[in-house]
Amino acid sequence: MSIKQAKKRRNEENPLDGDLLIVDESSMIDIILMNSLLKAVPLSMRLILVGDI
């Protein structure tokens, strides 16, 4: 990963922008990736997870 890419990385210190995030095929996300995703979602954003159970 380059420095430029690392600066664009989203996390609790650099959260995602927007009001709504829809994640399709969420059943395919492993626990490590989901943890990273949830850290990047601000409290003001709605999150919709779509996928198989």
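The model is predicted, so local features need pLDDT of at least 70, side-chain atom pairs count only at pLDDT 80 or more, and totals for chains, interfaces and linings use all residues. Residues are numbered from 1 along each chain as its sequence is written, and side-chain values use heavy atoms, without hydrogens and water.

The protein chain has two helices and two strands. Helices (H or I, at least four residues) and strands (E, at least two) are DSSP runs, numbered from the N terminus. Along the sequence the pattern is α-β-α-β. Strand β1 covers residues 20-23, and strand β2 covers residues 46-49. The two strands run parallel and are joined by four bridges. Strands pair if DSSP finds at least two bridges between them. Within this pairing, leucine 21 stands opposite leucine 47 of β2. The chain passes from β1 to β2 by way of helix α2 (residues 31-40), and this β-α-β crossover is right-handed. Right-handed means that, with the strands pointing away from the viewer, the path from the first strand over the helix to the second runs clockwise.

Several totals describe the chain. Of its 53 residues, 13% are buried. Buried means under 20% relative accessible area, exposed means over 50%, and partly exposed lies in between (1.4 Å probe, protein chains only). The accessible surface of the protein chain is about 4700 Å². Carbon and sulfur atoms hold 56% of that surface. These areas come from the Shrake-Rupley method with a 1.4 Å probe; for residues, only the protein chains shown count as cover. Contacts (heavy atoms within 4.5 Å) were also computed. Among contacts with a separation of 6 or more, 73% link residues 24 or more positions apart.

Met34, Leu37 and Ala40 are buried in α2. Seen down the helix axis, the buried residues fall within an arc of 125 degrees, so they line one face of α2. The arc is that of the directions from the helix axis to the C-beta atoms. An α-helix has 3.6 residues a turn, so residues three or four places apart point the same way. The buried residues of α2 pack against β1 and β2. On the other side of the helix, Ile31 and Ile32 are exposed.

The largest nonpolar core has five residues: Val23, Met34, Leu37, Val41 and Met45. Such a core is a set of buried Ala, Val, Leu, Ile, Met, Phe, Trp, Tyr and Cys residues joined through side-chain atoms within 4.5 Å. Methionine 34 lies in helix α2. Its relative accessible area is 14%, so methionine 34 is buried. Beyond its neighbours within four places in sequence, methionine 34 is in contact with Ile29 and Leu49. Valine 23 touches Ile29, Leu37, Leu47, Ile48, Leu49 and Val50, with residues up to four places away in sequence left out.

The loop between β1 and α2 includes serine 26. Serine 26 counts as buried because its relative accessibility is 12%. Residues up to four places away in sequence aside, serine 26 touches Leu49, Val50 and Gly51. Serine 26 and leucine 49 are 23 residues apart in sequence, yet their C-alpha atoms are 5.8 Å apart. Glutamate 25 is in the loop between β1 and α2. Its relative accessible area is 44%, so glutamate 25 is partly exposed. Phi of glutamate 25 is near 55 degrees, a positive value in a residue other than glycine. Most residues other than glycine have a negative phi.

Asparagine 14 is in the loop between α1 (3-7) and β1. At 25% relative accessibility, this asparagine is partly exposed. From asparagine 14 to valine 41 the C-alpha distance is 9.4 Å, across 27 residues in sequence.
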